[in-house]
Amino acid sequence: MAFLRLASRWPALSKFGVANPSLHGKSPPLRNGFLPLTTSSAVGKSASAAATTEAFRGGSSQAVGHAPGQRKDVLDSSFDDAHAAYKSKTTWEILRAYIVYTLCSSSYLVENNMKLMKIMKAVMGEKMFTALMKGTFYGHFVAGEDQERIRPTLERLRSFGVKPILDYSVEEDLSQEEAEKREVESSVSELGDEKVQGSKAAELGGTMPQFHVDKTFADRRYKVSSARTYFYLNEATCERNLEIFQQSLQAVAGATYGTGLAAVKLTALGRPQLLLQLSEVIMRTRQYMAEITAKTAQANRSSPEDKGNIIGKHISPEQLHQKLQQTCKLSEAPVKKFLQNVTFDQEGLIHLFPWSGIIDENLELSETFLVPDIKSGKMVRLLTQLSSKEEEMFRNMIRRINVLAQTAEDLDVRMMVDAEQTYFQPAISRITLEFMRKYNSKKALIFNTYQCYLKDTFNEVVTDLEQAKRQNFYFGAKLVRGAYLEQERARAAALGYNDPTCPSFEATSESYHTTLTECLRRIKDLKSKGKPNMIGIMVASHNEDTVRYAIEKMKEIGISPEDKVLCFGQLLGMCDYITFPLGQSGYSAYKYIPYGPVNEVLPYLSRRAQENKGILKKIKKEKKLLLRELFFRISRGKFLYTPKGDYTPI
């Protein structure tokens, strides 16, 4: 699927050019076509340190590569090589990074950062405040104001083997009261909120308070420091967000040589009420299937762990029909109509409802999610009745996603859908998977995101992988630990439903590693069957143990970086000691690149400060490596060092 490709065919390349192509030197070929990977920190550090010190003195770097013009360094798997981490930075940028991390270590500054920034802006004036931000936090964490101004940053990253994920990081600076007001108003149907279910649908899984808005948690920024939040205002705002996401896709095509990605959030493209209701429908459908197949689970190879995932039941339409005939007092016609809409293959059911029609046609949602109730003998609507206006809003949301997916296909660039809160995520994942099915027929253009701090992540990923296999489309996924841990735990405790998160950091790591291993196992299996690129995975983690685990598993399973099926990603301005050594040693490495006007990304900068306060251990290592590189340059008279990369991203 050309998961991580170099789009040299793009006309835009002649305009922007590859940074410093003349610097590419000849390198000896790799043994057996694989990049040498040392799992010994001492060996890796020794080779890497020798190479970088020699290069810094003006000599030749001891790099390895496949062919002339493709330089690759030996990876220090301890991620303790300061020069490999920061040779892409000027000395001033290193000093600025150290200052920023030091400020992030101050609890007072971090906890009051937004208030202090507003005071400084009022005292200093717009121009001086902007200059100060560009010289400190903004300059460190944000690439620039717009598509044009970020190009120098993107080209320098590329010259050091790193590719971008573009994210327009402008947010409204809403008060808590305004955020709560918007969320409550946009999360309840104009026909009323059936929080206390009186319908037959409530019997399928009981009451589900997690899929209904609660004022206490209506400000979705609560206890969240690392994720951008959109609050619905009206359909016009969603159209504006659509335009911004389209511009990000165009920037990926024009300024990243086709190798970058653009990140989108579905809560920016539609009314949250619709995602809440769809998520509730999905969970009730799983409960319905668990009830339907309770007596036939063993015969149909169903695992007790699948928790109602339809695709895991291996039940045929005929078996479902037979079960309904045994338990329902329905006439034949309603059952036949229901069965006509199920999606299935020779292995059994995939979906109970026509999801492909939902994203392609003008189906009425209220009349789509109907099931025969095995207790009452009546057709039951799983989705609360929507008004005609709300039905139109759903069609608008789907149209916007379609426009973005079509834009990505037309430009031949990739779009990554971010994960969000668990009460939105079932709908987000289901919609994203259906757009994968539609647009990922030749390569992975659409990617989903999975948060591994959730208990059910492994099962969700396996189910989605199975759908991709059975419906024959390319599967792309970003694996993250997750952004909403504290909020999810607090909300579950307050509203009285089961905590969806793993109980500890260690359990989250196990979830991440188990999920990643399963993905790699399937990649290897597909490779042996002549389909090597059907699955593409991004390890989006700032945890170096997880990155090492992924590298070791790649080597153990027999997957090389050149297979272009696994990549790594970190945020701009964070964990450079992981990203750059990976990119410079031939692995596919990405930086999540925020951009936008200074004053409009202040909420983003506030989150970055909060996040860095929470990972003091990583800051301690980053500061140590920054100082080491700074002292090295001063001692060697290289204070005015100018970064000149000669790497080509894989």
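Q: What should I know before reading any values?

A: This is a predicted model, where local features need pLDDT of at least 70, side-chain atom pairs count only at pLDDT 80 or more, and totals for chains, interfaces and linings use all residues. Residues are numbered from 1 along each chain as its sequence is written, and side-chain values use heavy atoms, with hydrogens and water left out.

Q: OK, how many helices and strands in the protein chain?

A: There are 25 helices and 12 strands. Helices (H or I, at least four residues) and strands (E, at least two) are DSSP runs, numbered from the N terminus.

Q: And what share of the residues is buried?

A: Of the 650 residues in the protein chain, 61% are buried. Buried means under 20% relative accessible area, exposed means over 50%, and partly exposed is in between, with a 1.4 Å probe and protein chains only.

Q: How about the accessible surface of the chain, what does it come to?

A: About 26,200 Å², and 53% of that belongs to carbon and sulfur atoms. The areas come from the Shrake-Rupley method with a 1.4 Å probe; for residues, only the protein chains shown count as cover.

Q: Which strands make up the barrel?

A: The order is S1-S2-S7-S8-S9-S10-S11-S12, a closed barrel of eight strands with parallel pairing. Two strands pair if DSSP finds at least two bridges between them. From one strand to the next, the twist averages 30°. Helix H9 (residues 151–159) packs on the sheet and touches strands S1 (162–168) and S12 (588–595), with its direction at about 150° to that of S1. Contact here means heavy atoms within 4.5 Å.

Q: How many bridges tie S9 to S10?

A: Five, with the two strands running parallel. Phe 475 has Ile 535 in S10 as its bridge partner. On the S8 side, strand S8 (residues 446–451) pairs with S9 in the parallel sense over four bridges, and Tyr 450 stands opposite Leu 479.

Q: Next one along: why is S10 described as largely enclosed?

A: Because six of its six residues are buried. Ile 535, Ile 537 and Val 539 point one way from S10, while Gly 536, Met 538 and Ala 540 point the other way. Strand S10 (residues 535–540) is joined to strand S11 (residues 566–571) by four bridges, again parallel. Two of the pairs involved are Met 538 with Cys 567 and Ile 537 with Leu 566.

Q: Switching to helices. At what angle do H12 and H17 pack?

A: About 90°, with the axes 10 Å apart, for H12 (residues 272–292) and H17 (residues 388–411). Axes are lines fitted to C-alpha atoms, for helices over the stretch in contact, and angles run from 0 to 180 degrees between N-to-C directions. H12 and H17 are therefore roughly perpendicular to each other. For the labels, under 35 degrees is roughly parallel, over 145 roughly antiparallel, 65 to 115 roughly perpendicular and the rest oblique.

Q: Which residues make that contact?

A: Gln 273, Leu 274, Leu 275 and Leu 278 from H12, and Glu 390, Met 393, Phe 394 and Met 397 from H17. By class, the contact of H12 with H17 has six nonpolar, one polar and one charged residues. Ala, Val, Leu, Ile, Met, Phe, Trp, Tyr, Cys and Pro count as nonpolar, Asp, Glu, Lys and Arg as charged, and the others, Gly among them, as polar.

Q: Backbone check: what is the phi of Phe 79?

A: Near 50°, a positive value in a residue other than glycine. Most residues other than glycine have a negative phi. Phe 79 is in the loop between helices H2 (41–56) and H3 (82–86), and is buried at a relative accessible area of 1%.

Q: And Lys 564, buried or partly exposed?

A: Partly exposed, at 28% relative accessibility. Lys 564 also has a positive phi, about 60°, and is in the loop between helix H22 (544–557) and S11.

Q: Last one: what does Asn 241 touch?

A: Tyr 230, Ala 268 and Leu 269, leaving aside neighbours within four places in sequence. Asn 241 is in helix H11 and counts as buried at 10% relative accessibility.
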